[in-house]
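Please keep the structure in view while reading.

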Amino acid sequence: MSKGCQQRIVTNLRAFRSLVAGLSSTSSSVSSFSSRSGGSVRRSNMKSSFSSHQNVQRRSYGGATPKGSSYFSEGTQTKRNGLLFGETPPLKGQKRIRESWELPYFVTFFSAGVILCVGLNGKPDTSLVGWAKEEARKRLEKEEEDER
């Protein structure tokens, strides 16, 4: 492998590691090439460079996440509780207390459904077949008037 090709691989490897580790590309632990392995990166150097950057603070990407976790990490619940949406049922003789967002949510979706059903059923027929039927009806009426 040529010297220029090796330098490009080392540069690309540095860029990749800086992306993965979230650090600048001035990492001094980038591995060197061994002539015996045919230009491949030594595994011991890769392992040490990744393991030394484990406690790097990451972005939360907008969500309020606990320290040490990311937006895509699993939740804090340790086991399934068998309840729908994790909501405990009310005690006997008590009604479920609705959240403040539920009534406007249901009213909005119901009214949107009604508007869509009424609006789509009442729209004018603009298809080619509908136009042809209307035109044929008009011509038949005109012929009947002419015969009289």
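Relative accessible area sorts residues into buried (under 20%), exposed (over 50%) and partly exposed (in between), with a 1.4 Å probe and protein chains only as cover. By that scale Tyr 105 is partly exposed, because its relative accessibility is 40%, whereas Phe 109, at 56%, counts as exposed. The model is predicted, so local features need pLDDT of at least 70 and side-chain atom pairs pLDDT 80 or more, while totals for chains, interfaces and linings use all residues. Residues are numbered from 1 along each chain as its sequence is written, and side-chain values use heavy atoms, leaving out hydrogens and water.

**Overall fold**
- The protein chain has four helices and zero strands, where helices (H or I, at least four residues) and strands (E, at least two) are DSSP runs numbered from the N terminus.
- Of its 148 residues, 8% count as buried.
- Helix α4 (residues 128-147) contains one buried residue among its 20.

**Aromatic residues**
- There are three aromatic pairs in the structure, a pair being rings of Phe, Tyr and Trp (its six-membered ring) with centres within 6.5 Å, called stacked under 30 degrees between planes, edge-to-face over 60 and tilted for the rest.
- Trp 101 and Tyr 105 pair edge-to-face, with 5.7 Å from centre to centre and 85° between the planes.
- The pair of Tyr 105 and Phe 109 is tilted, because the planes stand at 40°, with the centres 4.8 Å apart.
- Tyr 105 and Phe 109 both belong to helix α3, four residues apart, whereas Trp 101 sits in the loop between α2 (43-51) and α3 (102-121).
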